[in-house]
Amino acid sequence: MSSKINGHVSPQPCPHLLVFRSRNGPKPFRALQDCIRVKPPGGRAAIRREPSEVPRCGTCEESSRSRLYACVACAAVFCHAPLLHSHASDHALSIPGHEIAVDVDRAELFCCACGDQVYDRDFDAAVVLAQTVNATATTSTSGSTAMQCSVAGSQPENLRKRRRVDYRPWEPDSGEHISRGNQSIPLLDATNASLVSSTQQPWGLRGLNNLGNSCFMNSILQALLHTPPLRNYFLGDRHNRYYCQQKNGAINGTKNSRLCLACDMDALFSAVFSGDRTPYSPAKFLYSWWQHAANLASYEQQDAHEFFISMLEGIHEKVEKDKRKSQSPGSGDCCIAHRVFSGILRSDVMCMVCGFTSTTYDPCVDISLDLEPNQGGSGKSSSAKSLNSFNVEADCMRPNQNCGISTLKGCLERFTRAEKLGSDQKLFCQKCQVRQESLKQMSIRKLPLVSCFHVKRFEHSSIRKMSRKVDRYLQFPFSLDMAPYLSSSILRSRFGNRIFPFDGDEQDASNDLSTEFELFAVVTHSGRLDAGHYVTYLRLSNQWYKCDDAWITQVNESIVRAAQGYMMFYVQKVLYYKESENQGTS
Amino acid sequence: MELLRERLIDCGWKDEMKALCRAHVKKKGRNNVTVDDLVHLITPKGRASVPDSVKAELLQRIRTFLMSAAL
């Protein structure tokens with residue numbers, strides 16, 4: 001009954017629609033195209049012969065009670081109220097070929113004979129075109145990437161098509177065969193008991209000593225050490241620290257003059273995955289990071305999220321300036337940090353007066369989410385930020401809202417919700433040439449390999465010169481589907497679920513990667529803003545481990561579910577290996 | 001009209017109706033439901049569940065308009 005176009009289900013036409021299309025040539029709805037009127041603020045499309053027309057039923061002069069439909073064949077308007085009377089059906093049944101009608105207030109096709117809505121690609125395309133005619137996007141640069149957006153489908157420049165290669169399992173060539181036979185020892189051979197620890201703990205679990213309030217660093221490092229693409233990159237010797245230092249030493253003359261955070265990461269990976277279970281002190285790493293982020297170099301507690309961002313920046317900066325690689329983070333070609341974490345966010349700002357929409361694309365390495373403003377009317381509700389004040393009422397009035405339980409999905413929904421910017425935040429509209437009230441909506445244009453969600457638990461108020469921590473519990477799922485937050489989904493629902501080719505649909509193979517993600521690391525913060533402690537929970541072969549500085553313990557998943565999440569790391573499901581039970585393979 | 005739509009979205013009425021429709025479609029099967037069915041199902045429930053505050057606000061506006069138009 002329905003076919004999939006670009007992963008999106010579109011319904012098959014009914015027989016009457018098919019007949020209508022075959023009879024009326026290639027552009028059966030062209031007469032309607034001129035009658036599509038769009039109301040700017042909501043983008044709602046209606047069918048009117050003249051802008052101020054008030055449609056009435058041809059038979060009974062009704063114009064308000066029931067839905068009104070205009071016959072597509074003869075443009076006569078009729079009412080349709082299934083229980084009482086349906087002059088539209090009467091008309092359809094009396095004249096063959098006049099079964100298809102269009103809802104005048106919603107611009108949706110209806111088959112009076114089947115009594116149900118029908119969908120047509122060309123018609124929907126025409127409606128969407130009308131809705132976007134006064135909303136032609138322009139580029140505005142913020143960040144290094146700026147891209148055009150149009151329904152017609154121009155490809156953003158920085159996303160190149162990824163060639164697909166057929167999958168072939170690896171077979172060692174002759175050279176590899178020899179070295180494999182002679183020198184390599186199977187890692188997980190049952191006879192080599194010395195290599196496998198007796199407790200059968202997963203590889204790469206090693207405590208990190210606290211060097212003086214460095215739990216913020218330890219927690220993030222533990223998460224990164226077990227980020228699958230990052231782990232594979234470093235364990236696969238893709239950044240060899242000896243080679244890198246040698247090369248840089250040759251350039252700069254002295255061995256230690258050029259610091260490279262990626263080299264330090266490489267050293268860390270080697271140490272942690274060595275099989276040695278005694279706690280490791282990441283002193284060299286801390287020292288290198290201090291050199292990179294001089295303003296944060298102290299023994300004071302730092303923010304783990306800040307550390308995370310500055311680390312990624314550090315890895316990006318020290319990357320060799322390869323002319324072949326593009327330097328823009330959006331495509332992820334610049335360095336491993338961006339390859340793994342960088343996604344692209346899309347921001348649409350629509351002028352409430354003329355409907356003009358401007359779209360910008362920005363790369364991002366994580367998504368920072370606001371917690372819901374406090375429900376239940378305690379004194380804290382007044383501190384809800386003005387941006388969210390529009391939603392505070394809504395949250396309280398929802399009759400079925402499960403008051404008190406915030407979820408990650410709820411935060412994401414709010415993140416991608418269309419938001420009215422307050423009258424004190426009018427943005428400049430290019431069409432009106434003045435500042436106007438606007439509607440802003442965020443969505444995700446491209447998903448990264450690893451999604452990092454940062455929960456804004458620390459509020460810094462410069463007005464009141466104080467900061468506070470929000471301890472509110474946030475529920476997060478172990479498996480997450482990001483499909484509803486993608487730009488394609490958001491745009492579709494904005495246009496009322498029309499069938500139209502979204503310019504992102506035919507994109508490169510990265511869109512074929514599923515939108516399903518699996519949780520693998522949670523960084524939690526406990527305590528107060530000035531005296532707190534970070535702990536990371538890692539998920540390895542479906543077991544959860546608590547990494548508290550130098551102490552690693554196995555924990556039940558219920559502990560993790562109840563923990564106060566500060567940063568959650570999700571990896572694309574296709575990259576998340578679920579190890580099999582028996583490890584005795586060679 | 002737009003104001004009414006906005007208020008109904010704000011108070012969660014639209015989501016409630018959506019949920020009702022979804023439940024109905026799940027029960028009947030996706031291919032066995034028509035728009036008419038849904039409208040027939042929703043209309044009484046919808047009319048009953050519009051919050052009083054919304055009704056009051058809209059009525060007030062209509063009254064104000066009528067008074068200003070009558071002068």
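Buried means under 20% relative accessible area, exposed over 50% and partly exposed in between, with a 1.4 Å probe and protein chains only. The model is predicted: local features need pLDDT of at least 70, side-chain atom pairs count only at pLDDT 80 or more, and totals for chains, interfaces and linings use all residues. Residues are numbered from 1 along each chain as its sequence is written, chains are lettered from A and ligands numbered from 1 in the order in which they are written, and side-chain values use heavy atoms, leaving out hydrogens and water.

**View 1. Strand β19 of chain A is mostly covered.** The strand spans residues 450–455, and six of its six residues are buried. Helices (H or I, at least four residues) and strands (E, at least two) are DSSP runs, numbered from the N terminus. In a regular strand the side chains alternate between the two faces of the sheet. In β19(A), one side carries Val450(A), Cys452(A) and His454(A), and the other carries Ser451(A), Phe453(A) and Val455(A); all are buried.

**View 2. β19(A) pairs with β13(A) and with β28(A).** Two strands pair if DSSP finds at least two bridges between them. β13 (residues 367–369) of chain A runs parallel to β19(A), joined by three bridges. Here Ile367(A) stands opposite Phe453(A). β28 (residues 565–572) of chain A pairs with β19(A) in the antiparallel sense, over five bridges. Ser451(A) stands opposite Tyr570(A) in that pairing.

**View 3. Six strands of chain A form an open antiparallel sheet.** The order is β7-β6-β5-β8-β9-β10. β7 (85–86) and β10 (116–117) of chain A stand at the edges with a single partner strand each, so one side of each lacks a neighbour in the sheet. β6 (residues 77–81) of chain A joins β7(A) through two antiparallel bridges. Ala81(A) has His85(A) as its bridge partner in β7(A). Helix α3 (residues 87–94) of chain A packs on the sheet, touching β5 (67–71), β6 and β7 of chain A. Its direction makes about 115° with that of β6(A). From chain B, helix α3 (residues 35–49) also packs on this sheet, touching β5, β6, β9 (108–111) and β10 of chain A. Its direction makes about 165° with that of β5(A). Contact means heavy atoms within 4.5 Å. Axes are lines fitted to C-alpha atoms, for helices over the stretch in contact, and angles run from 0 to 180 degrees between N-to-C directions.

**View 4. Helices α9 and α10 of chain A cross at roughly 165°.** The axes of α9 (residues 261–272) and α10 (residues 283–292) come within 10 Å. The two helices are therefore roughly antiparallel, a term for angles over 145 degrees. From α9(A), Leu261(A), Asp264(A) and Met265(A) meet Lys284(A), Phe285(A), Ser288(A), Trp289(A) and His292(A) of α10(A). These contact residues divide into four nonpolar, two polar and two charged. Ala, Val, Leu, Ile, Met, Phe, Trp, Tyr, Cys and Pro count as nonpolar, Asp, Glu, Lys and Arg as charged, and the others, Gly among them, as polar.

**View 5. Helix α14 of chain A is largely enclosed by the rest of the structure.** Six of the eight residues in this helix (residues 408–415) are buried. They are Leu408(A), Gly410(A), Cys411(A), Leu412(A), Arg414(A) and Phe415(A).

**View 6. Ser347(A) lies in strand β11 of chain A.** The strand covers residues 343–351. Ser347(A) counts as buried, at 9% relative accessibility. Not counting residues up to four places away in sequence, Ser347(A) touches Ser358(A), Thr359(A), Thr360(A), Lys440(A), Gln441(A) and Met442(A).

Definitions and conventions: Angles under 35 degrees count as roughly parallel, over 145 as roughly antiparallel, 65 to 115 as roughly perpendicular and the rest as oblique.
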